[in-house]
Amino acid sequence: VPSKHFRNTAKLAKEFIKKNSIIASAAKGLEHETHKRMSEILYEYLPDNKIVALSGPTIANEIAHRKPAAIVAASKDIEAAQLVQKVLSNDYFRVYRNDDIIGVELGGAIKNVIVLAAGIIDGMGIGDNAKAALITRGLAEITRLGIKMGARRETFSGLSGLGDLIVTSTSKYSRNRHVGEKLGEGMRLKDILSSMFMVAEGVETASVALELSESLNVSMPITKAINKILFEERDIAITIKELMNRSLKDEIS
């Protein structure tokens, strides 16, 4: 379920879900109006249920063909996460567990913004060095925001952070990478989106991530640059130069 339809779906589903049952959510996004994570929305309508967030590098086409993959099941209730882990794991699909649901959901959502930039790099043919730098520095700013919002640093080096960021930044099946690639080739955003049948969550999440970074005073230069490209139609080449020419600083800070 796309994040922009998640609240209404939760509201409609409420009457069909038994109290105290476990709800596993695979949605990756943030609500535009409230900045809430998907589990927070579920708790509004299902306060008596146990919520588990599923996230990680899971390209649907590969899962459908039973190619090996691993994800993480995260919940404040670790027993609920363990049950989902046990039910879903098999010989081609391995599930890990984590009690940092904030970090797992934020990693899965905000990585899509960085993936748009990865696609731009592909579309412009800038090269592998640029993409490696982007993934690394993109993860750094996701981590900074996550820590400020109550997540643990180490969660972002796991499957829902680095793992998901790598696969969606490189896979030909990634919708967000596709949008970025077409932007890098010179297409306008509205034309790209109108030609797609699936949702690219990064476009919706970009402005939310920027608003969160500004309200929490967290430096997220890549996210800020992507917002300029998406919503102000800023020249991409100039925007990249601005990123590269920022004041120099320590790598780890």
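**Exercise 1: Arg 177 and its surroundings**

Find out which residues Arg 177 is in contact with in this predicted model, leaving aside its neighbours within four places in sequence. Then decide: is Arg 177 buried or exposed?

*Solution.* Start by locating the residue: Arg 177 sits in helix H8, which spans residues 175–184. Next, list the contacts. Now check the accessibility. Buried means under 20% relative accessible area, and Arg 177 comes in at 8%, so Arg 177 counts as buried.

**Exercise 2: The sheet and its edges**

Work out the strand order of the open four-stranded sheet. Which strands stand at the edges?

*Solution.* Trace the strands across the sheet and you'll read S1-S2-S3-S4, with mixed pairing. S1 and S4 (93–98) each have a single partner strand, so these two stand at the edges, and one side of each has no neighbour in the sheet. From one strand to the next, the twist averages 25 degrees.

**Exercise 3: Zooming in on S3 and S4**

How many bridges join S3 to S4? Which residue in S4 is the bridge partner of Ala 70?

*Solution.* Recall that strands of a sheet pair through backbone hydrogen bonds, either parallel or antiparallel. Here S3 (residues 69–74) and S4 run parallel, and six bridges join them. For Ala 70, look across to S4 and you'll land on Arg 94.

**Exercise 4: A helix across the sheet**

Which strands does helix H5 lie across, and at what angle does H5 run to S2?

*Solution.* Take H5 as residues 101–124 and S2 as 50–55. The helix lies across S2, S3 and S4. Compare its direction with that of S2, and the angle is about 40 degrees.

**Exercise 5: Positive phi without glycine**

Look at Asn 20 and His 35. What is the phi of each, and where does each residue lie?

*Solution.* Asn 20 has a phi of about 70 degrees, positive even though this residue isn't a glycine. Its place is the loop between helix H1 (3–13) and strand S1 (22–25). Asn 20 is also exposed, with a relative accessible area of 59%. His 35, another non-glycine, has a positive phi near 65 degrees. You'll find His 35 in the loop that links S1 and helix H2 (38–45).

**Exercise 6: The annotated stretch**

What does the UniProt annotation say about residues 1–80, and how much helix and strand is there?

*Solution.* The unreviewed UniProt entry labels this stretch "domain: Glycerol-3-phosphate dehydrogenase NAD-dependent N-terminal". Over residues 1–80, the chain is 34% helix and 20% strand. Finally, the end C-alpha atoms of the stretch are 22 Å apart.

Note on methods
Residues are numbered from 1 along each chain as its sequence is written. This is a predicted model: local features need pLDDT of at least 70, side-chain atom pairs count only at pLDDT 80 or more; totals for chains, interfaces and linings use all residues. Side-chain values use heavy atoms; hydrogens and water are left out. Buried means under 20% relative accessible area, exposed over 50%, partly exposed in between (1.4 Å probe, protein chains only). UniProt positions are given in the numbering used here, feature names are shortened, and annotations may be inferred rather than shown by experiment. Contact means heavy atoms within 4.5 Å. Two strands pair if DSSP finds at least two bridges between them. Axes are lines fitted to C-alpha atoms, for helices over the stretch in contact, and angles run from 0 to 180 degrees between N-to-C directions.
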